[in-house]
Amino acid sequence: AGNCVSAPGDIITYAFTVTNTGNVTLTNVVVTDPLVTMVGGPIVSLAPGQIDSTTFTASYVLTQDDVNAGQFTNQATATGTPPSGANVTDLSDDNSNTENDPTVTTICNAASIALIKVGTYDGFDQAGNCVSAPGDVITYAFTVTNTGNVTLTNVVVTDPLVTMVGGPIVSLAPGQVDNTTFTASYILT
């Protein structure tokens, strides 16, 4: 339905295309990326101009910090051994053999919060007679719920007609409920 549903534990999967852009055959071609779990390889031999897009894959498990950031950025390195001389390397790019830009994967994040305010006041005596009077106090309790998928910080509850006590909530994780930090009172006129 187009709703943001990213959550810690979701998985980003990666595919790698390795191209020998030189003029000699490379051997023992490996792809490394310290931030993901790599699978596959090495490529035993890669001739000039040859493309391999099946040997390497990778996955990454999202953390709450990734969801909070709204993106995950990483970069892989391909290394191959030529017939002579030092190994050759190239940093990955997301769409070009000639550039070296990191891969940035967008992660949807949707911040939202819900507030329930409950007032408590009993203006009746034991016989059921209305005895409300100026100076009586209505007390309020507040339940704050993080209904989004990102961590909220510095959460405050304001109400211009009552005397608020408590807060702010320093950090409220997705799904977390706080019903103890804020209270309020109002004196009847």
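Buried means under 20% relative accessible area, exposed over 50%, and partly exposed in between, with a 1.4 Å probe and protein chains only. The model is predicted, so local features need pLDDT of at least 70 and side-chain atom pairs 80 or more, while totals for chains, interfaces and linings use all residues. Residues are numbered from 1 along each chain as its sequence is written, and side-chain values use heavy atoms, without hydrogens and water.

**Exercise 1.** Classify Cys-4, Cys-108 and Cys-130 as buried, partly exposed or exposed.

Solution. Step one: Cys-4 has 29% relative accessibility, so this residue is partly exposed. Step two: Cys-108, at 31%, is also partly exposed. Step three: Cys-130 reaches 58% and therefore counts as exposed.

**Exercise 2.** Find the disulfide (a pair of cysteine sulfur atoms within 2.5 Å) and say which parts of the chain it ties together.

Solution. First, a search of the whole structure gives 1 disulfide. Next, the partners are Cys-4 and Cys-108, with sulfur atoms 2.3 Å apart. The link is right-handed, with 95° about the S-S bond. Cys-4 sits in the segment before strand 1 and Cys-108 in the loop between strand 11 (103-106) and strand 12 (113-120), so the pair joins parts 104 residues apart in sequence.

**Exercise 3.** How many bridges join strand 1 to strand 7?

Solution. Strands pair if DSSP finds at least two bridges between them. Here 5 bridges link strand 1 with strand 7 (residues 57-61), and the two run antiparallel. Within this pair, Tyr-14 stands opposite Ala-58 of strand 7.

Notes:
Helix = DSSP H or I, 4+ residues; strand = E, 2+ residues; numbered from the N terminus. Disulfide = S-S within 2.5 Å.
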